[in-house]
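Trainee: Could you take me through this structure one feature at a time, giving the general idea before the particular case?

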Amino acid sequence: MTGGPDSPRDEARAEQGRALVAAAVARSQAPLALRERIEADRERARRARRRRRGLGVLAGGLAAALAATAVALIAAPSGDEAPTVRAVVRLGDRAAAQRAPGPGSRPGTLRASVGGVAFPDWDTRYWPATGARADELSNRATRTVFYSTRDGGRAAYTIVDGVPLDSPGGGRVHTVDGVDYRVLRNRGRTVVVWQEGGHTCVLSAPAGVPGDVLVDFASWDARS
Amino acid sequence: MLRATETGDARPLDPSTLGDHVDRLFRAAWALCGTREDAEDLVQETFARVLAKPRLLRGDDDLGYLLRVLRNTFVSRHRARERRPRAAIVPEDAELADPVAGRRPEEAVLAREVFAHIAALPDAFRDALVAVDVAGLSYDEASELLGVKVATITSRLFRARAQVAAGMDPERAGVLKEQQ
């Protein structure tokens with residue numbers, strides 16, 4: 001069969017079909033329930049792999065465990081390294097996989113936290129939470145809550161479990177109530193990095209959001 | 001840094017990034033199956049297959065790989081279904097239980113009609129349209145995915161689009177203009 005239009009009428013009809021499909025595509029997205037099921041499957045698979053790895057080490061005895069440790073150190077030297085702030089920022093590019101958490105018991109917080117650090121509820125500041133996701137970076141659990149900015153952009157707030165990450169260099173440091181907020185630019189986004197409750201927090205938003213505005217949001221909980 | 005495609009090295013598929021492709025896979029699945037309910041099942045089964053064991057990919061095209069698994073899963077499900085009697089039929093208005101569809105019923109109807117028409121196309125036309133117009137692959141990527149020449153993709157795509165338009169209610173064109 002050869003391609004191309006047979007007549008102007010065929011061409012018009014094909015163009016109409018293309019527009020119809022484009023309209024249908026633009027108006028459809030995966031239901032949140034499906035995302036949640038997939039996320040649950042992914043989490044189950046991750047746990048199963050960990051269990052298998054753990055059992056393998058136990059079954060092999062001490063010598064095998066020592067050998068495995070040696071191999072792991074050689075083959076995966078970066079596995080035990082802390083994730084970089086840049087890797088944490090990249091989590092903000094990913095799609096939400098869970099519903100937005102609801103309001104927490106403490107005013108101004110959401111019902112989501114990492115190591116006792118609660119995510120802020122910015123609904124009253126017209127940045128409502130829109131979704132969330134949980135990840136693991138270099139064996140560190142992370143949780144990200146997404147917010148919709150006033151102009152419809154997407155902000156991502158990630159808390160990394162465990163000891164604080166190495167502070168990235170560069171940028172400007174704003175100190176609010178004794179806390180240092182480092183403002184950076186990364187891949188077209190404004191990024192603020194700080195420590196809270198012994199954990200690293202990373203807030204990123206589209207480049208149109210000025211650094212001082214982002215610091216104001218990041219430090220909002222500290223002021224209340 | 002050299003990409004895996006340039007070095008020829010295999011790299012593991014990162015399960016944590018799979019969620020980034022859910023929307024496109026869901027639309028592709030809807031266009032293959034013809035209903036939202038079947039599409040949800042197909043996407044979940046596809047991810048379950050991918051997550052069942054670590055995957056090594058050559059190249060950096062996660063979406064192309066996932067679409068290939070989706071299509072293979074669809075074909076095997078379709079064959080299995082053909083071998084057994086149909087058990088239950090989900091009523092069409094069940095989709096209105098979806099909160100988004102409930103808020104924008106006209107848009108939900110448009111999407112439902114379009115995807116149902118795509119699903120009813122001959123397999124070769126449907127696959128080309130799903131790859132390019134629904135999943136957003138380039139002609140080259142679609143050619144690689146489907147194992148046919150780019151010229152064949154172009155031809156099938158043209159016919160598929162024309163058949164979708166021909167099968168739709170003519171008044172839909174008016175609805176489309178109002179919504180754009």
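Mentor: Let us begin with burial: a residue counts as buried under 20% relative accessible area, as exposed over 50% and as partly exposed in between, with a 1.4 Å probe and protein chains only. By that rule, buried residues make up 42% of the 224 residues in chain A. Please keep in mind that this is a predicted model, in which local features need pLDDT of at least 70 and side-chain atom pairs count only at pLDDT 80 or more, while totals for chains, interfaces and linings use all residues. Residues are numbered from 1 along each chain as its sequence is written, chains are lettered from A and ligands numbered from 1 in the order in which they are written, and side-chain values use heavy atoms, with hydrogens and water left out.

Trainee: How many helices and strands are there in chain A?

Mentor: Helices (H or I, at least four residues) and strands (E, at least two) are DSSP runs, numbered from the N terminus. Chain A has six helices and nine strands.

Trainee: What area is buried between chain A and chain B?

Mentor: The size of an interface is often given as the accessible area lost when the parts come together. Here buried area (1.4 Å probe, summed over both parts) comes to about 3,600 Å² between chain A and chain B, and carbon and sulfur atoms give 63% of it. On the chain A side, A:Leu20, A:Val21 and A:Arg27 lose the most area to chain B, together 18% of what that side buries. Counted by contact (heavy atoms within 4.5 Å), 36 residues of chain A touch 44 residues of chain B.

Trainee: Which side chains meet A:Arg35 in a salt bridge?

Mentor: A salt bridge is a side-chain nitrogen of Lys or Arg within 4 Å of a carboxyl oxygen of Asp or Glu. The rule finds three across the interface of chain A and chain B, and in one of them A:Arg35 meets B:Asp23 at 2.9 Å, N to O. As for where the surface comes from, α1 (8-26), α2 (32-59) and β3 (129-137) of chain A each supply at least two residues of the side that touches chain B, with the largest share, 13 residues, coming from α1(A).

Trainee: How is the aromatic pair of A:Tyr181 and A:Trp194 arranged, and what does the pair tie together?

Mentor: A pair of aromatic rings is described by the distance of the centres and the angle of the planes. Rings of Phe, Tyr and Trp (its six-membered ring) pair if their centres lie within 6.5 Å, and planes under 30 degrees apart count as stacked, over 60 as edge-to-face and the rest as tilted. A:Tyr181 and A:Trp194 form a tilted pair, 5.5 Å centre to centre with 40° between the planes. Since A:Tyr181 lies in strand β7 (residues 179-186) and A:Trp194 in strand β8 (residues 189-196) of chain A, the pair ties together parts that are 13 residues apart in sequence. Both A:Tyr181 and A:Trp194 are buried.

Terms used: Buried area = accessible area lost by both parts, 1.4 Å probe.
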